[in-house]
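User: I am new to this structure and would like a close look at one part of it. Please take me through that part step by step.

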Amino acid sequence: MSESNDNEVNKMVDHLFRHESGKMVAVLTRVFGFSNIEQAEDIVQDTIIRALESWKFGKLPDNPQAWLYRTAKNKAIDILRREKVKHKIVNDIAPLLKSEYTLGFKMNEMFTENEIRDSELRMMFACCHPSISHEAQVSLILKTLCGLSVKEIGNAFLTNEETIQKRLYRTKEKIKTDHISLDYPGADAMQARTYAVLKALYLLFNEGYNSSHPQKLIREDLCEEAMRLAILLTENPKTSYPHAYALLALMCYHASRFAARLDDKGFIVLLQDQNRIQWNKFLISKGNEYLNKASEGETIHDYHIEAAIASAHANAPNYSETNWNLILLLYNTLLSRTQNPVVQINRCLVLGEVEGHEKAISELEQIKGFTENCYYNTSLGEMWMRLSKKEKAKPYFQKALTLTSSNAEIELIRRKLLACN
Amino acid sequence: MEKFMYLFRGGENHAHNAQDSEAAQKNMQAWGAWMGDLAKKGIMVGADPLQPTGKVVSGTKKIVTDGPFVEAKEMVGGYLIVNANNIDEAVEFSKGCPIFAENGKVEVRPLQKMEM
């Protein structure tokens, strides 16, 4: 087999492992219980090691997914037969797992498509239990549902393995001491918990979309996972709230610009300079479709407004023909609900398009406590550049340069500084 | 709530008789579905199938023989313990058992509480 072919196989296997290990962990955690999540993770780890040994030299089975499920299932059955383990299983399906009549039957059923989805949903809800911090929720989702290694999660959060390891350890201890189960929250708590899940998926998506992480692949994977899990939510009648559709629409619009927002050297291309031919039409149309469904409810969530803003951009023929008035209106609404400084800055940039860049500058200057923020400084620099006041813009870009460690951002600001001369 | 034991007797496709055939597969699915339903309703406590024979230990001399050898239609092929309010309810729950379709029967026996 040629080397390039070998690489193809490795890439495919990597992707398969990442994708399937999340599903297998979800199913096996459903079987063994949330507090025995390590047992599930160990089985999946063993299964993958076994696969790596058996699939050496690119000799893949006909149906690699089925191979993985069968191996994981058989390992789980062996373990479930141990008396010591049986005592630990206390969930609603325990009698079926403890009986030889039904053990094999039930385990087969657990690995069917519907049950896998149900397990993933339960896992999502359990990971977002109110007693787990937002940071830990996202880490736990990445580890359990998205099949990322501790190292990759550390990478994604631009922190080290040890920090993530500790965070996950503490979270798992909490699951045990608080007896957090995989049961769906009751009808009265369902909506609140869905909000928490959406918030975690939003963070997960942004981690991939905005992070200054040098590895493009990891970023796209994070976004893809966030979207996959959001789709799971919208497909289930229990959780297909309008705001879930709104978030999914927002993700689609953002993801549609993936190819256009970085140039071939990996440097950032700003919205006004992006080649709109490169925008993914399919994702934009999916975004429109989901946004439509999001409007079926009575209540409006921040995600609705953010998705509407993204929609106005995505559906504009070009930068100058963007419906800036509408976008400004949407930002005003958003600001009346949240005092997020980044939203404030973004609103000022839109204001620049509607009422002129002087106005944008004067409002930007009124945002307090943000002068040490890179984005704040580049925004002011940009507004001055639009007014062709290079000497005014320059100090802002110079300051911004000291406020970021991201290579892509540094390069962008350097280019802006060059233009100032 | 009381506990009752179902003793499954006979059954042409019951666990130990089951061959690796399509019919046997289908049969196991029927059992799985029935017990799955009982478990979901909190009725099922525990169950296991039995192999057809083992050893019989008997008498003060504890003589060990192979066996038991009983008629196939009387052979206990497995058991299931259920929660029920009374024996009538336990009997009612047993009626969904797939064993009736394969010439078997269910013996419903209340678990005895020992007076101390």
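Which side chains meet in a salt bridge at 2.1 Å, N to O? Please start there, then describe the surroundings.

Analyst: The side chains are those of Arg18(A) and Asp221(A). Their salt bridge spans 2.1 Å, N to O. Keep in mind that this is a predicted model.

Now the setting. The domain assignment of chain A gives two parts: domain 1 covers 1-111, and domain 2 covers 119-240. Their C-alpha centres lie 21 Å apart. The two domains of chain A touch: 18 residues of domain 1 are in contact with 24 residues of domain 2.

Next, the area. About 1800 Å² is buried between domain 1 and domain 2 of chain A. Carbon and sulfur atoms give 59% of that. Three residues stand out on the domain 1 side: Arg18(A), Arg30(A) and Phe34(A). Together they supply 41% of the area that domain 1 of chain A buries against domain 2, more than any other three residues.

Then the polar side. Five salt bridges are counted between domain 1 and domain 2 of chain A. The count of residue pairs in polar contact between these domains, both at pLDDT 80 or more, is also five.

Which helices take part? On the side of domain 1 that touches domain 2, helix H1 (3-32) and helix H2 (37-54) of chain A each supply at least two residues. H1(A) gives the largest share, eleven residues.

Last, the make-up of that side of domain 1 of chain A. Its residues divide into six nonpolar, seven polar and five charged.

Conventions:
Residues are numbered from 1 along each chain as its sequence is written. Chains are lettered from A and ligands numbered from 1 in the order in which they are written. This is a predicted model: local features need pLDDT of at least 70, side-chain atom pairs count only at pLDDT 80 or more; totals for chains, interfaces and linings use all residues. Side-chain values use heavy atoms; hydrogens and water are left out. Domain bounds come from an automatic or database domain assignment. Contact means heavy atoms within 4.5 Å. Buried area is the accessible area (1.4 Å probe) that two parts lose on being put together, summed over both. A salt bridge is a side-chain nitrogen of Lys or Arg within 4 Å of a carboxyl oxygen of Asp or Glu. A polar contact is a pair of N or O atoms within 3.5 Å; within protein, one must be able to donate a hydrogen and the other to accept it, and residues adjacent in sequence count only if both atoms are side-chain atoms. Helices (H or I, at least four residues) and strands (E, at least two) are DSSP runs, numbered from the N terminus. Ala, Val, Leu, Ile, Met, Phe, Trp, Tyr, Cys and Pro count as nonpolar, Asp, Glu, Lys and Arg as charged, and the others, Gly among them, as polar.
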